[in-house]
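Take a look at the structure below. This short report walks through a few of its features.

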Amino acid sequence: MTNDTKGESLEPGNARVVVDQDKCVGVGKCEMLEPEAMEVDEDTAIASMIEGTVLPLERAQKLVTECPSSAISIGDIEGSQTSQNVEQQNAEER
Amino acid sequence: MTTVAFVPDVTTSDLYLDGIPHETFAQMRAVDGLVWHPYEGGGFWAATRHADVLTISKDSERFSSAIGHTNLWDLEADALEARRSLIDSDAPEHTRLRRVVSKAFTPKNIRAWEEVTRNIAVRCLDDFVAQGGGDWVDLVAAPVPINVILTIMGVPLEDADLLVELSNYLVEGTGETQSLAPDAFGNTTELRLLPFNSPASHALFEYGGKIREVREADPKEDLVTRLIFAEIDGERLTKSEYQNFFQLVVFAGNETTRTAMSHAAMALAANPHQWQRLLDDPSMIDSAVEELLRWASPVMHMRRTAAVDAEVAGTAIAKGDKVVMWYSSANFDEAVFADPQILDLSRDPNPHFAFGGGGSHYCLGAFLARMELKILLEEMIRRDLRLSVVGEPVRAPSNFVQGVLSVDVEITK
Ligand code: HEM
Ligand code: SF4
């Protein structure tokens, strides 16, 4: 799965994903694919990544493409910087 | 820009008697922009390419579910209001309603019903095998989903037959004939105000209301109880929201899954080589479920209405125009699926739209439906069940659901 050009420039490593609360529809395709890492909360019916877990970047990217609501994006990548982080840093430096 | 030299009519029900009219949809996909499709009572823009369906589906701000109707024809304003439920509302009402009911459908809550689902599937398959085959719809594809949904909702078993009957009448309401008298089940509401214009909807409202009272007094570990007591920001479903939702689930959780299970048997019988692959390597089961869903495309379209002037694929859409997303075409779009006409149980990725094109209205029951299909396949694998279809399946004359009324299936081993 290398359909994500943003991901290609990054070093492969472990990643965390973030879920956009407003977009998540809570049906749990992510939990189905990665039951150890993703969980739909009982009270809010919104998914999130289980505290302390990471996924190989490729599997994290699979979640991004499989989420039917485009609610998932790549957060932090171990040993690397996400474009988001870089943007933030740039913004802070300015 | 290619203009349409022909006006294909993909709304006549008879067109679907041999399955999805793939040729016609392929011609429509080849046209630049969206295709204007005439329709009695107001034409619509037909979106047939995967990319265009995706754009429309994910943009619920510009493409509304609450205006007009989510089916091809418009409803009068009072009927729309009376019948309104999750599927035909927009944010912020939709968001609120969806949050409340989603809680009952989280993977954890659904997984709790895995064993119950398996027992039902086992019972039906054992019956089918004991009889040496027969009508797959009647013996397996229809009873499994309805019994699962009724059990997890917590409908007392002695009422199951009544609810099966009522939901079958609703299914009938998606076709062109109605066998019920307007005052059936003591109905006094004008039919146009009822979902599917069916007096069976009235009976389901009444029934839903009755079981709500019972569970309010005596809560159980079931879906009805969860729906009654589910709260988001201190808010619960109102009585009429609950009744509309009860009715929606009894329909949506039933007919669609039945269709998927019918097509699954037909597809596996027609492709014994693919079935053998799965028997040899059951670890393929998740992708097999997805491919069978793509193949079945049980819901063939949903409609939206432009809330503002918009543009899709270079086509200007005026505020108020109907836009119809043809999942039955997008799921076979050669731009996205290699060899779309070939059943490939290991296809991955498989971004099919069986549960809609994604976004806020994405099928609430998708996790449950996937679990039911997976369990059915697991039990078929366990039995090393090899099937072949005898004669021609009888299909529902509908442009909306790819329904199968009956299919005679033989056990070949
Ligand atoms: C194979 C089986 C199924 C298929 C193919 C299917 C398909 C669909 C489709 C195409 C939609 C419309 C999505 C949209 O407008 O974007 C939908 C919505 C819905 N489905 Fe399903 N469905 C299935 C099973 C179920 C089950 C088992 C349930 C409930 C128990 C269910 C409940 C619903 C509900 C409540 C909605 C409305 C969601 C909303 O508007 O927010 N479905 N389904
Ligand atoms: S797959 Fe996407 S929409 Fe579904 S629960 Fe996970 S994050 Fe939410």
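## A bridge between two strands

In chain B, residue B:F63 has a bridge partner in β5(B), and that partner is B:A306. This model is predicted. The two strands involved are β3(B) and β5(B), the latter covering residues 301-306. They pair in the antiparallel sense over 2 bridges.

## The five-stranded sheet of chain B

That pair belongs to a bigger picture. In chain B, 5 strands form an open sheet, and the pairing is mixed. Read across the sheet, the order is β1-β2-β8-β5-β3. Which strands stand at the edges? They are β1 (35-37) and β3 (63-64) of chain B. Each has a single partner strand, so one side of each is left without a neighbour in the sheet.

A helix accompanies these strands. Helix α2 of chain B spans residues 50-58. It lies across β2 (44-47), β3, β5 and β8 (322-326) of chain B. Relative to β8(B), helix α2 runs at about 125°.

## The three-stranded sheet of chain B

Chain B also has an open sheet of 3 strands, in the order β4-β10-β9. Here the pairing is antiparallel. The edge strands are β4 (134-135) and β9 (387-395) of chain B, and each pairs on one side only.

How many bridges join β9(B) to β10(B)? There are 6, and the two strands run antiparallel. Strand β10 of chain B covers residues 404-411. One bridge can be named by its residues: B:R395 has B:V404 in β10(B) as its partner.

## Backbone details

Two cis peptide bonds can be located in chain B. One joins B:A91 and B:P92, with omega at about 0°. B:P92 sits in the loop between α3 (77-83) and α4 (93-102) of chain B. Another joins B:D348 and B:P349, again with omega at about 0°. B:P349 is in the loop between α16 (327-330) and α17 (366-382) of chain B.

Chain A has a backbone detail too. A:A45 is not a glycine, yet its phi is positive, at about 55°. Where is A:A45 found? It is in the loop between β2 (38-40) and β3 (47-49) of chain A.

## Around ligand 2

Ligand 2 sits in the largest cavity. Around ligand 2 there are 14 residues. Those that come nearest are A:C24, A:V25, A:G28, A:C30 and A:C67.

What classes of residue make up this shell? It has 10 nonpolar, 3 polar and 1 charged residues.

Technical notes:
Residues are numbered from 1 along each chain as its sequence is written. Chains are lettered from A and ligands numbered from 1 in the order in which they are written. This is a predicted model: local features need pLDDT of at least 70, side-chain atom pairs count only at pLDDT 80 or more; totals for chains, interfaces and linings use all residues. Side-chain values use heavy atoms; hydrogens and water are left out. A residue is near a molecule or strand if one of its heavy atoms lies within 4 Å of it. On a 1 Å grid over the protein atoms alone, a cavity is a set of points where a 1.4 Å probe fits but cannot get out, and a pocket is an open set with protein on both sides within 12 Å along at least five of seven lines; lining residues have an atom within 4 Å of a point. A molecule sits in a cavity or pocket if more than half of its atoms lie within 2 Å of its grid points. Ala, Val, Leu, Ile, Met, Phe, Trp, Tyr, Cys and Pro count as nonpolar, Asp, Glu, Lys and Arg as charged, and the others, Gly among them, as polar. Two strands pair if DSSP finds at least two bridges between them. Helices (H or I, at least four residues) and strands (E, at least two) are DSSP runs, numbered from the N terminus. Contact means heavy atoms within 4.5 Å. Axes are lines fitted to C-alpha atoms, for helices over the stretch in contact, and angles run from 0 to 180 degrees between N-to-C directions.
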